[in-house]
Amino acid sequence: IFGPEAAALTALEAAARKVFKLYGVKELRIPTVELKELFIKSTGTTTDIVQKEMYSFEDAGHRLLALRPEGTPGVARAYIENNFTQAAPVQQFFYIGNMFRAERPQAGRYREFEQIGAEFLGNPAPAADAQAILLLKDIMQAFGVKNYSVKINSLGCEKCRPLYRQALIDYLSSSKDTLCETCQDRLERNPLRVLDCKIDGHRFAEGAPKMKLCPECEEHFNEVKRLLDGKIPYIVDTSLVRGLDYYTRTVFEFQAGDKSQNAIAAGGRYDSLIKSMGGADIPAVGWAMGAERTCLALGSLPAEEEVKVYVVSLEKSCNEYAFNVMQNLRADGIITEGGLFEKNLKGQMKQADRTKARFAVIIGGEETARGSAKLKDLTTGEQKDYPLDALAGAIKNIK
Ligand code: HAM
């Protein structure tokens, strides 16, 4: 990844960091490699990620490890191991890093990709769900992505979900023979995922029984919606089930375009994950954004206006002087390239063009003898001699 694509990712990370700061979300650096067991236990055994997409291997110490396919399990593990529960249970973390999934690569779907993620731990209130969603919206806005839609749903809790699960199993069982192989397997283990299947899902989206939330989950969901109303347009989509096992209550997706790999960010509440991993009963909600997909959704990044200088030396005897000019300009805060001193003037000027420099600083025998430099404006062709100590000031003054 290089050029404008690399610049877009950097700009997105910078926008995200700025907004994280506004929300008081602190950085957490999680390992790239974890015990494979961590993902099996948290991401979940019925997910595509664990069933077929993990890059796992045995290390020299016979530990079974995996390249992280997502960040949430590492955050949850870190939270438990560092004893945040006792010391300061309410935490807001973000992470930026590459994730790995053995998926079939296509536009917007890669085997190594970057996620920017946020996790709010220790806050059961609907305000945490709404803040997480608005935080994501503010990052999209700061970066400049406009064309996306937001879908939200509630998957209920341990009380209301089993009833829905059973209703779904009853409904889908009559079509069992027509389901794809994976869905036949999912039917008993995680029937919600059948609705999410790329092959079969759409067949059942209409007719499937609808989730009946318990009063607490219903109130929670209503409050999340109330807090979002007027601040972000959203669609309640009862077929949104998400591909990971740990979600409870609110789930959401930010989608751009209409392809299957259109989710630019997604997340939800996971109130039982930390407990199921051996930690305390700590509720949580979070999301992760696919950085490359978000950049694709932006289209092109507006070109940054920056003044750049390219330093050219005309003779071997001037090289050291020209080299020192470059270092001095940088010390004065001016973006400076150069040093291609083995090439002739034409070759160096060509490179100045390629780097899109606004100015060339040309150093020959006369300039070296006088302690000056020739400044050439590459847009107008004008050139003028400056004493070295006036050069940086002159560059800064030209509009
Ligand atoms: P996820 O839906 O698996 O959720 O991934 C989140 C985002 O990562 C997706 O919406 C997509 O933009 C991006 N993504 C996923 N796979 C790929 C890929 N192969 N290539 C490019 N981009 C991809 C999670 O990972 C959860 N950990 C989110 C979360 C955080 N839930 C609660 N907290």
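Me: Why is Glu337 called partly exposed?

Reply: Glu337 has a relative accessibility of 30%. Buried means under 20% relative accessible area, exposed means over 50%, and partly exposed is in between (1.4 Å probe, protein chains only). The value for Glu337 falls in between, so Glu337 counts as partly exposed. This is a predicted model, in which local features need pLDDT of at least 70 and side-chain atom pairs count only at pLDDT 80 or more, while totals for chains, interfaces and linings use all residues. Residues are numbered from 1 along each chain as its sequence is written, and side-chain values use heavy atoms, with hydrogens and water left out.

Me: What makes Glu337 and Lys308 a salt bridge?

Reply: A salt bridge is a side-chain nitrogen of Lys or Arg within 4 Å of a carboxyl oxygen of Asp or Glu. The closest N and O atoms of Glu337 and Lys308 are 3.3 Å apart, so the pair meets the rule. Glu337 is in strand S13 (residues 335–338) and Lys308 in strand S12 (residues 308–313), 29 residues apart, and the pair links distant parts of the chain. Strands are DSSP runs of E with at least two residues, helices are runs of H or I with at least four, and both are numbered from the N terminus.

Me: Is Lys308 buried or exposed?

Reply: Lys308 has a relative accessible area of 13%, so Lys308 is buried.

Me: How many salt bridges does the rule give?

Reply: The count is 22. Another pair is Arg109 with Glu103, at 3.4 Å from N to O, and both of these residues are buried.

Me: Why is H14 called oblique to H17?

Reply: The axes of helix H14 (residues 319–331) and helix H17 (residues 388–397) cross at roughly 45 degrees and come within 11 Å. Angles under 35 degrees count as roughly parallel, over 145 as roughly antiparallel, 65 to 115 as roughly perpendicular, and the rest as oblique. The angle belongs to the rest, so H14 is oblique to H17.

Methods: Axes are lines fitted to C-alpha atoms, for helices over the stretch in contact, and angles run from 0 to 180 degrees between N-to-C directions.
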